[in-house]
Amino acid sequence: MVKLLNVQRYGATAVEYYGAVMEDLTHIKSGRVDEKIPLTRKQLRELYEISPTLDSVRVELEIAMSDHNEYDTNPYDGEVEAGWLGWAFVKGFSEAGVYDDCETANTFYKNVYEELEAAFASGRLERIEVTTAEKYYIDTPAHCRELAGRTLDAIAYMASYKKTRARAFVRKKYECDYQDFEQLTRNKAASFRHKHDHYIAGWILFPEYDGKEKQVYVEDEEGNKYKELEFEQSDDVYEYLKKKGSVLKDARNCHFKESWDVEEGKNDTLWYLALYENGERVAKVLVEREGFSGDGKVKYTGLIDTYSSQKDEINIENTSRKASKRMNSIGSLYRACKEAVFWLGMIAYVGLTVVVAFGLRS
């Protein structure tokens, strides 16, 4: 099914030469002393001289390698360990545009593979042969003991359930990073506590009025003005649109954060961002949690990072607290009988293994 979907979307079942390239990159003899590092930064830079294709993504790959160095067990040595190396390559190649489409990715990996294989064939590079036992970390008694010990530690940690607790999380300031997570949880995980009835943050542009004197207000559906947006200076949107072939002066000042209150007793209303020129409203854009919705009269582009009302956030907080209490009750029950359940599971597993073994013999 995955292959079928890949063919329909990308025109191929997979990036054919990816595995072969990663196998080559991680099996080059280099005289390294740390077995956790299959490819040193020094050796990678030497490979740029061997593979022109790899050298074409040098800048992006070096940045990705530096970033992923911070994630492994020794973030100060400048190297990337085996668990992170593949991700560093994928990130660097992606940033360089290798994954724009399947054909481009396949061509890139094929070229790298052929260049590395030619270097192996000529003796310029020497390949390390790794046994199956070494791949699974069972090639020496020391590795076997370490693997068994780490496995038992992991099982004991999971079975103990000691550090697992659910809690309702409340944000007291706007942080854009949470928005992506909130979309996954249908905006039910973390409430956003702010001091006003409504809060909005994002960016918006009106290309037809670029560079002109204008104002943008928060309005209700009756046309009452609440706040004029104050735009902040930032070049991220400008640079993004510039890459897409659209240069807008206002893109340097299009981010905003605004909050407002509503009179007590006022009925729920729809909210808009209204564009004014020379005191006359020329367009209005509906504000919704999922994004903007225009009236079609004036073109616009923009993105809502966060839009919330205090009423909705209180409901989210109350709901999440109830869910956390329910989950912690289940966790407490598990911790009370975890050891008995764990050993019953082990006994059942051993018993099942014996039954299967006898079944195979008969």
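This is a predicted model: local features need pLDDT of at least 70, side-chain atom pairs count only at pLDDT 80 or more; totals for chains, interfaces and linings use all residues.
Is Ile-204 buried or exposed? Its relative accessibility is 4%, and because buried means under 20%, Ile-204 counts as buried. Which residues surround it, once its neighbours within four places in sequence are left aside? Ile-204 is in contact with Phe-231, Cys-254, Phe-256, Leu-273, Val-285, Phe-292, Tyr-300, Thr-301 and Gly-302. Leu-116, by contrast, is 88 residues from Ile-204 along the chain, and the C-alpha atoms of the two are separated by 48 Å.

After helix 11 comes Gly-245, with a positive phi near 90°.

Helix 3, residues 41–50, can be read in the same manner. Its buried residues are Arg-41, Gln-43, Leu-44, Leu-47, Tyr-48 and Ile-50. They cover an arc of only 160° around the axis, which puts them on the same side of helix 3. Lys-42 and Glu-49, on the other side of helix 3, are exposed. What do the buried residues of helix 3 pack against? Their partners are helix 2 (18–25), helix 4 (52–55), helix 5 (58–69), helix 6 (82–95) and helix 7 (102–122).

Tyr-137 has a phi near 65°, a positive value in a residue other than glycine. Where is Tyr-137 placed? This residue is in the loop between helix 8 (132–135) and helix 9 (141–160). With a relative accessibility of 26%, Tyr-137 counts as partly exposed. Asn-278 is not a glycine either, yet its phi is positive, at about 55°. The loop that holds Asn-278 runs between strand 7 (271–277) and strand 8 (280–288). Its relative accessible area is 75%, and since exposed means over 50%, Asn-278 is exposed.

The view can now widen to the whole protein. How many helices and strands does it contain? There are 12 helices and 10 strands. The radius of gyration is 29 Å, whereas a compact globule of 362 residues would have a value near 21 Å. Taken along the principal axes, the box filled by the C-alpha atoms is roughly 80 × 60 × 45 Å. Of the 362 residues, 33% are buried. Among contacts with a separation of 6 or more, 62% involve residues 24 or more positions apart.

The accessible surface of the protein is about 23,700 Å², and carbon and sulfur atoms account for 53% of it.

Conventions:
Residues are numbered from 1 along each chain as its sequence is written. Side-chain values use heavy atoms; hydrogens and water are left out. Helices (H or I, at least four residues) and strands (E, at least two) are DSSP runs, numbered from the N terminus. The radius of gyration is taken over C-alpha atoms; the globule rule is 2.2 Å times the number of residues to the power 0.38. Buried means under 20% relative accessible area, exposed over 50%, partly exposed in between (1.4 Å probe, protein chains only). Contact means heavy atoms within 4.5 Å. Accessible areas come from the Shrake-Rupley method with a 1.4 Å probe; for residues, only the protein chains shown count as cover. The arc is that of the directions from the helix axis to the C-beta atoms.
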